Amino acid sequence: MFASRYIMTAALRANLRDQTVLLIAGLFIVLVLISAYLGWSATATVQDVYLKVVEAYAAKGQIAPPNPVPDTPPLGLLRNMATYVALIGALAGLVLGNKTVSGDRKSGVYALLASRPITSSGIALGKILAIIIAITGLLGVAALTNVITFMILPNFSLSADEWFRLAQFYIASDLYVISFGLLGAFFAITSRSEAKSLMIPVTIWLTVTFIIPQLTANVLPMAALNPLKAMAPAPSGAFFVFTQSVLTPISFAEAYRALAATLLDFAPPGFKFQSFISPMLTLMIVNGLLISAVVVAFGKMDASRSAYDD
Amino acid sequence: MSELAIQTKDISMSYGDHVALDQLTLNIEYGEVFGFLGHNGAGKTTTVNILTTLLKPTHGKAWVCGFDVVSDSLNARRQIGYVPENVHLYEAMTAQENLRFLGQLSGVEDLQKTIDETLELLDCKDLANRRVGTFSKGQRQRIGLAQAILHRPKVLFLDEPASGLDPMGMKMLRDLIVKLNAELKMTIFMNTHLIGEVAKTCTSIGVLNQGKLVHKDTLKNVMDRFGDDETLERLYLSLNTQKVA
């Protein structure tokens with residue numbers, strides 16, 4: 001366990017010095033900040049306009065219609081966050097997970113690590129913890145930004161239940177991004193080529209995010225990008241009925257989107273995710289499988305030929 | 001404690017049809033500086049990879065300080081230091097940061113003091129706070145050696161340590177090997193194809209040819225057996241073309 005802690009610390013330090021990781025993590029944070037600013041700005045504008053309307057009505061001796069801002073579900077303002085997490089957040093996690101392992105292989109240090117009195121599962125544990133901590137830190141900054149936004153937004157005070165659901169949303173987002181981090185790490189361990197170690201998980205990310213949701217028809221093709229169109233009824237037809245029943249339980253991206261939509265109040269009325277497994281359970285199962293895969297992959301890695309071919 | 005620092009019994013390693021190592025049996029006593037000679041591809045690095053627990057042999061058994069390198073690999077690793085042919089370290093870290101990390105993994109106590117002593121021993125304290133990415137081959141080799149001896153292993157494995165070094169670097173390395181053997185009582189297993197280095201530093205030699213050990217003896221016996229006028233280089237070339245009992 002102590003040795004794993006040292007592996008974890010070194011991996012985190014290396015990530016902090018990796019420009020690619022910093023760039024993509026920075027991009028995610030910038031998008032979160034922009035999202036928070038847009039939410040604040042849009043709400044403040046509506047509020048200002050409403051106050052002017054009230055003044056105008058009052059000048060005419062009329063009663064103004066009710067303020068629409070308090071009727072808006074406050075958590076729904078964060079719908080863009082679900083999109084950013086599914087796109088740039090997942091990609092950031094994937095790159096971070098890949099770099100956490102590929103750095104050692106690329107530099108050829110792995111042979112020195114493997115000749116130390118530490119097991120391969122100890123090395124794997126250190127790397128996995130580093131990935132989890134780095135991604136949780138990244139999502140933590142996003143969560144803090146949202147909390148501050150809600151505290152300064154006029155007319156948007158969250159109830160205890162809403163704060164709880166916001167926390168659940170970030171736990172789900174953390175699990176979602178970590179799974180891509182683990183996917184990046186897995187291919188960084190098992191690939192002989194550094195280029196392939198990144199290309200394969202990126203292809204999987206594209207498939208999970210865009211292709212499978214089209215086949216299951218739980219969400220329409222644009223749903224991963226546009227939450228407004230999400231969770232539309234599935235098109236009728238034998239093909240979609242079949243693909244929906246087969247692919248929905250393993251449609252990881254949709255499980256996350258469904259969970260996010262439910263927690264953040266942007267799901268259409270009466271929406272129900274078409275799977276016998278709950279979305280949160282799907283996220284947990286995927287993470288559990290990927291953690292096992294990373295540990296096994298480290299165990300099977302040939303430490304004497306750990307450097308990449310390219 | 002085992003009487004032998006290194007022992008192998010019929011170890012073989014195959015990659016598909018290619019036999020990299022063929023039933024190697026080797027006994028090396030504590031305190032020896034063993035030079036393992038052989039052409040490129042003879043199986044020297046495969047042997048070191050097995051003895052440093054990086055690779056599992058397809059057949060046979062091997063022990064370092066009495067610990068089985070497969071079934072008791074963690075204890076075997078505690079006894080060894082390893083310097084690969086090309087020393088790879090974290091380029092973005094300083095020498096000290098690299099040593100600290102690798103020393104922590106080896107469970108070195110009083111780490112800072114040990115790092116200082118090791119850098120002093122290897123006469124490279126000036127490298128401590130420089131980034132490894134800026135090092136020359138010789139400087140990198142020294143820090144590679146420092147990381148391998150931080151935990152004061154009983155057995156030190158060097159894989160082609162003089163590869164790519166200039167004459168000055170080679171002399172420094174030779175002096176260091178002698179010093180480590182004499183002062184820290186380390187048994188040293190050195191892969192090389194540089195005959196001159198073997199003659200100047202080793203106490204015994206083994207010659208490997210196409211995965212088979214074709215000769216093993218003390219350096220003195222080898223020199224006596226083949227006569228004073230025979231150069232070690234001629235001996236090496238002749239040993240590689242014949243089986244010597």
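Asp110(B) sits in the loop that links α3 (95-105) to α4 (111-121) in chain B. It is a handy place to start a tour of this predicted model.

- Asp110(B) has a phi near 50°, which is a positive value in a residue other than glycine.
- With 52% relative accessibility, Asp110(B) counts as exposed, because the cut-off for that label is over 50%.
- Asp123(B) belongs to the loop between α4 and α5 (137-149) of chain B.
- The phi of Asp123(B) is near 55°, again positive in a residue other than glycine.
- Asp123(B) is exposed too, and its relative accessible area is 62%.

**The open sheet of chain B**

- In chain B, 6 strands make up an open sheet with mixed pairing, and their order is β6-β7-β8-β3-β9-β10.
- The edges are taken by β6 (80-83) and β10 of chain B; each has a single partner strand, so one side of each has no neighbour in the sheet.
- On average, neighbouring strands of this sheet are turned by 15° against each other, direction ignored.

- Strand β9 (residues 204-209) and strand β10 (residues 212-218) of chain B pair in the antiparallel sense, with 6 bridges.
- Asn209(B) faces Lys212(B) in β10(B).
- The two strands form a hairpin with 2 residues between them, and Gln210(B) in the turn has a positive phi of about 50°.

**Pairings of β1(B)**

- Strand β1 (residues 4-15) of chain B pairs with strand β2 (residues 18-29) of chain B in the antiparallel sense over 8 bridges.
- Ile6(B) has Ile28(B) in β2(B) as its bridge partner.
- This hairpin has 2 residues between the strands, and Gly16(B) takes a positive phi near 65° there.
- β1(B) also pairs with strand β4 (residues 59-64) of chain B, in the antiparallel sense and over 5 bridges.
- In that pairing, Ser12(B) stands opposite His59(B) in β4(B).

**A helix pair in chain A**

- Helix α3 (residues 79-107) and helix α9 (residues 252-263) of chain A have axes that come within 10 Å and cross at roughly 160°.
- That angle makes α3(A) roughly antiparallel to α9(A), because angles over 145 degrees count as such.
- The crossing of α3(A) past α9(A) is right-handed.
- On the α3(A) side, the contact is made by Ala82(A), Thr83(A), Val85(A) and Ala86(A), and on the α9(A) side by Tyr256(A), Arg257(A) and Ala260(A).
- By type, the residues of this contact divide into 5 nonpolar, 1 polar and 1 charged.

Note on methods
Residues are numbered from 1 along each chain as its sequence is written. Chains are lettered from A and ligands numbered from 1 in the order in which they are written. This is a predicted model: local features need pLDDT of at least 70, side-chain atom pairs count only at pLDDT 80 or more; totals for chains, interfaces and linings use all residues. Side-chain values use heavy atoms; hydrogens and water are left out. Helices (H or I, at least four residues) and strands (E, at least two) are DSSP runs, numbered from the N terminus. Buried means under 20% relative accessible area, exposed over 50%, partly exposed in between (1.4 Å probe, protein chains only). Two strands pair if DSSP finds at least two bridges between them. Axes are lines fitted to C-alpha atoms, for helices over the stretch in contact, and angles run from 0 to 180 degrees between N-to-C directions. Angles under 35 degrees count as roughly parallel, over 145 as roughly antiparallel, 65 to 115 as roughly perpendicular and the rest as oblique. A crossing is left-handed if the near helix is turned anticlockwise from the far one by less than a right angle, and right-handed if clockwise. Contact means heavy atoms within 4.5 Å. Ala, Val, Leu, Ile, Met, Phe, Trp, Tyr, Cys and Pro count as nonpolar, Asp, Glu, Lys and Arg as charged, and the others, Gly among them, as polar.
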